Amino acid sequence: MNIIRDPVDELLKADANAHRDAYIDDAGFTLRVIDRLPAKSRSHTTLRVTIPFGLTVAAAFGALFAGGGNFLVDAAMDIATTNISSAAMALVTIVVVMIAVSVTAVRDS
């Protein structure tokens, strides 16, 4: 294996290693900038519980009304033909729950 060494890169690395512990006084500028940064937001406990719970409810509705067939295709066709079936209602419920969970997540973050 033939390694090509870049002399400029080696000089930069050597200089960085030589001055690694050197402190450059900036009159407290760095600390002032860090102090003015916004605080890191923490997600609420309810949000951490709501998202998995909402997605679990949506998945349970899908599994409950799937009936071993093409749930998504059947429900979409029922909605498109304005035929109110249990699969269509389940799909609408799943979509509403997922939208509600997403809106809650975005609003609380």
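This report describes a predicted model of one protein chain, from its overall layout to a few of its residues.

## Overall layout and confidence

The chain holds five helices and zero strands, and along the sequence its elements follow the pattern α-α-α-α-α. Of the 109 residues in the chain, 13% are buried.

Because the model is predicted, its confidence values deserve attention before the details are read. The chain has a mean pLDDT of 78, with 80% of its residues reaching 70 or more. Confidence is highest in α2, where the mean is 90, and lowest in helix α3, residues 45-66, where the mean is 72.

## The nonpolar core

The largest nonpolar core is made up of seven residues, namely Ala58, Phe71, Ala75, Ala87, Ala90, Leu91 and Ile94. At least two residues of this core come from each of α4 and α5, and α5 gives the most, with four residues. In soluble globular proteins, nonpolar side chains tend to be buried together.

## Helix α4 and its two faces

Phe71, Ala75 and Asp78 are the residues to look for on the covered side of α4, where they are buried. When the helix is seen down its axis, these buried residues fall within an arc of 60°, so they line one face of α4. An α-helix has 3.6 residues a turn, so residues three or four places apart point the same way. The face of α4 turned away from the buried side carries the exposed residues Leu72 and Ala80.

Met77 is also found in helix α4, and with a relative accessibility of 48% this residue counts as partly exposed. Between the C-alpha atoms of Met77 and Ala87 the separation is 9.9 Å, although the two residues are 10 residues apart along the chain. Ala87 is itself one of the residues in the largest nonpolar core.

## Two residues with positive phi

Most residues other than glycine have a negative phi. Ala27, which is found in the loop between α1 (7-18) and α2, has a positive phi near 60° although it is a residue other than glycine. With 59% relative accessibility, Ala27 counts as exposed.

Thr82 follows α4 and has a positive phi, near 50°, and this residue is not a glycine either. Its place is the loop between α4 (71-80) and α5 (86-108), where Thr82 is exposed, with a relative accessible area of 66%.

Note on methods
Residues are numbered from 1 along each chain as its sequence is written. Side-chain values use heavy atoms; hydrogens and water are left out. Buried means under 20% relative accessible area, exposed over 50%, partly exposed in between (1.4 Å probe, protein chains only). pLDDT is the predictor's confidence in each residue, from 0 to 100. The arc is that of the directions from the helix axis to the C-beta atoms. A nonpolar core is a set of buried Ala, Val, Leu, Ile, Met, Phe, Trp, Tyr and Cys residues joined through side-chain atoms within 4.5 Å.
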